[in-house]
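Here are my notes for your first look at this structure. Keep the viewer open as you read and follow the points in order.

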Amino acid sequence: MIQADDLRFFLEVARTGRLVSAARGLGVEHTTVGRRVTQLERAAGTRLFDRTPAGWELTEAGQRLVVHAEAIESSLLAASEELGSARGRLSGTLRIAAPDGFGAFVLSPGLGRLRAAYPDLTIEVVTETRLNLLATREFDVGIALEVPTTRGVRSRALATYGLSFYASPGYLSRTGVPGGLEDLYQRSMIGYVDSLLDIPALRFLDAALPGVRPAVQTNNVTGQWMAAVAGLGVAILPDFVAADDQRLIRIIEEVRIERTYWIAVPTEHQRLARTRAAETALFELVAGHRHLTPSEQDLGE
């Protein structure tokens with residue numbers, strides 16, 4: 001007979017694809033994970049994983065079991081949340097994973113309403129501009145710069161935002177105001193560190209100025225913003241970061257780039273009250289933001 005606790009080990013291996021990674025996430029030895037998966041396979045009467053050099057891949061039977069295992073996990077999480085919170089109140093920890101720009105300039109300053117509504121809820125904001133931000137699924141709600149492809153999440157568009165070219169008055173007084181995109185090839189550009197940039201949606205500098213190599217490179221938008229403020233060059237910045245900053249001037253106004261933020265919720269967290277509250281708060285936040293355009297496109301699971 002299948003034991004519910006074995007399903008926890010099964011799901012971690014299914015999500016990570018590797019025994020060692022699953023063991024790390026569960027806080028046990030990898031031999032323990034292997035033993036529990038083998039025990040589950042014996043109880044199920046079928047092989048659930050193909051062991052390959054690239055990792056542990058779900059068999060067809062394993063893929064069918066994931067649906068039921070995640071439903072059980074979701075029910076247990078929901079029951080734990082309900083029993084652990086006073087009626088009508090939310091407590092515990094809510095983790096939101098987001099790109100650094102959205103997390104620092106939109107999410108963190110906009111948490112006031114959620115905090116006021118649920119003062120017993122601890123909110124963790126984890127930021128990073130890398131594709132692997134959502135890969136671990138160690139979050140309740142995730143924000144991504146591209147459509148999330150992580151298995152077992154519900155995804156939908158959250159908001160679109162614009163980016164424009166910005167520079168400081170001091171920099172422009174020294175170099176002159178560029179008359180068009182071609183002039184920017186003669187300017188010091190500020191952008192991402194190319195070797196660390198693995199999100200195609202952030203390669204807007206390559207799209208606008210093919211072949212340009214930024215003179216100043218940082219791995220986050222905050223660093224680019226401050227470099228532009230310091231007069232080190234021209235940067236493409238989100239309007240929600242730079243448009244209201246009196247220390248910067250928007251240049252080449254006819255050029256504006258648009259990108260989309262996507263919201264992702266792991267299957268097992270979709271029934272949780274804290275997750276639903278966070279989703280509602282995020283859509284309310286972007287709806288009231290002057291530099292974001294909310295979206296309701298739903299991609300399903």
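Predicted model: local features only at pLDDT ≥ 70, side-chain atom pairs only at ≥ 80, totals over all residues.

1. Let's start at F102. Residues are numbered from 1 along each chain as its sequence is written, and side-chain values use heavy atoms, with hydrogens and water left out.

2. Which residues touch the most other members of the largest nonpolar core? They are F102, L158, F165 and L237, within a core of 63 residues. Strand β6 (residues 153–167) gives this core its largest share, seven residues. Apart from it lies another core, of 21 residues, including F9, V13, A61 and L65. A nonpolar core here is a set of buried Ala, Val, Leu, Ile, Met, Phe, Trp, Tyr and Cys residues joined through side-chain atoms within 4.5 Å. Buried means under 20% relative accessible area, exposed means over 50%, and partly exposed is in between (1.4 Å probe, protein chains only). As background, nonpolar side chains tend to be buried together in soluble globular proteins.

3. Next, look at helix α11 (residues 273–287). Its 15 residues reach 21 Å from the first C-alpha to the last, close to the 21 Å expected at 1.5 Å a residue; the expected span is 1.5 Å times one less than the number of residues. Buried residues in α11 are R274, T275, A277, A278, E279, L282, F283, L285 and V286. Helices (H or I, at least four residues) and strands (E, at least two) are DSSP runs, numbered from the N terminus.

4. For the strands, begin with β7 (residues 189–192). β7 pairs in the parallel sense with β8 (residues 216–218) over three bridges, and G191 stands opposite Q217 in β8. β7 also pairs in the parallel sense with β9 (residues 234–238), over two bridges, where M189 has V234 as its bridge partner. Two strands count as paired if DSSP finds at least two bridges between them.

5. How many salt bridges does a search of the whole structure find? There are 17, each being a side-chain nitrogen of Lys or Arg within 4 Å of a carboxyl oxygen of Asp or Glu. D239 and R256 form one, at 3.1 Å from N to O. This pair links distant parts of the chain, with D239 in helix α10 (residues 239–242) and R256 in the loop between β10 (249–251) and β11 (257–266), 17 residues apart. D239 is buried at 5% relative accessible area, whereas R256 is partly exposed at 42%.

6. Another salt bridge joins D244 and R290, with the closest N and O atoms 3.2 Å apart. Here 46 residues separate D244, in the loop between α10 and β10, from R290, in the loop between α11 and β12 (292–294). D244 is partly exposed at 44%, while R290 counts as exposed at 66%.

7. Finally, visit D6 in helix α1 (residues 4–16). Is D6 buried or exposed? D6 counts as buried because its relative accessibility is 2%. Leaving out residues up to four places away in sequence, D6 touches R36, Q39 and L40. A network of salt bridges links D5, D6, R8 and R36.

Terms used: Contact = heavy atoms within 4.5 Å.
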